[in-house]
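This report describes selected local features of one protein model. The sequence and structure are shown first, and the description follows.

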Amino acid sequence: MSTPVPEFAGRISRISQQRARVWGLMMDMWNGDEDFIKAVREGEFGEFVREHFQEIGQESLAHGALMSLDVYSRGARRRTFEDDWDAFLADHGNLLADKPHYDGLEAMRDLCRKESAAWAAGDLDTGRDCRKAEFEHLEGGLEMNLVELLKNNIEVAKSHVWRTLSRIFLIFLATETGHQSSLETK
């Protein structure tokens with residue numbers, strides 16, 4: 001039995017909205033937002049990305065990284081926010097200080113929002129056109145640039161949480177593109 005179009009469009013709209021939020025969270029990490037590290041420490045970030053990966057049927061890809069993030073969040077009770085904030089900023093200064101590819105992240109967030117709105121309005125053609133534009137944007141170089149950047153973060157970040165966040169965003173990118181080969185390490 002097939003899924004009725006309104007139900008299908010509603011689900012795609014919800015997933016597109018979640019994807020827009022993940023792109024926005026990447027922007028928060030790039031910005032070094034204090035609220036971002038608070039959400040990571042308090043488990044809100046991990047809970048949201050876990051729900052997103054479950055929604056799209058890809059939680060198994062992110063299982064290890066999410067478990068590592070859970071351990072980090074539970075351990076926050078034994079660390080001060082200032083210590084975590086200082087460690088986050090130290091790596092941020094080395095890894096993302098000049099906000100590489102930030103405009104691309106913003107474009108992807110905005111395209112996903114537009115896609116979500118189109119599906120919610122029942123405008124299937126615009127929804128499909130937005131998704132196509134997202135793929136074209138990623139294939140235009142953003143995907144490979146982000147894969148390279150995130151893999152580098154995993155290799156050189158001093159803090160475990162930076163390596164874990166970079167893994168999670170790399171997994172998200174693989175689910176966006178379908179290119180799981182980007183998850184292979186050297």
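The buried residues of helix α7 are Gly127, Cys130, Glu134, Leu138, Leu142, Glu143, Leu146, Val147, Leu149, Leu150, Asn153 and Ile154; buried means under 20% relative accessible area, exposed over 50%, and partly exposed in between (1.4 Å probe, protein chains only). Helices (H or I, at least four residues) and strands (E, at least two) are DSSP runs, numbered from the N terminus. An α-helix has 3.6 residues a turn, so residues three or four places apart point the same way. Helix α7 spans residues 124-156 and has a kink of about 65 degrees centred on Glu139, where the bend is the angle between axes fitted to the seven residues ending there and the seven starting there.

The model is predicted: local features need pLDDT of at least 70, side-chain atom pairs count only at pLDDT 80 or more, and totals for chains, interfaces and linings use all residues. Residues are numbered from 1 along each chain as its sequence is written, and side-chain values use heavy atoms, with hydrogens and water left out.

A search of the whole structure finds 0 disulfides, a disulfide being a pair of cysteine sulfur atoms within 2.5 Å. For Cys112, the nearest cysteine sulfur is that of Cys130, 9.0 Å away. Cys112 counts as buried because its relative accessibility is 0%, and Cys130 does so at 4%.

| Residue | Phi | Relative accessibility |
|---|---|---|
| Lys99 | near 50 degrees | 35%, partly exposed |
| His101 | near 65 degrees | 30%, partly exposed |
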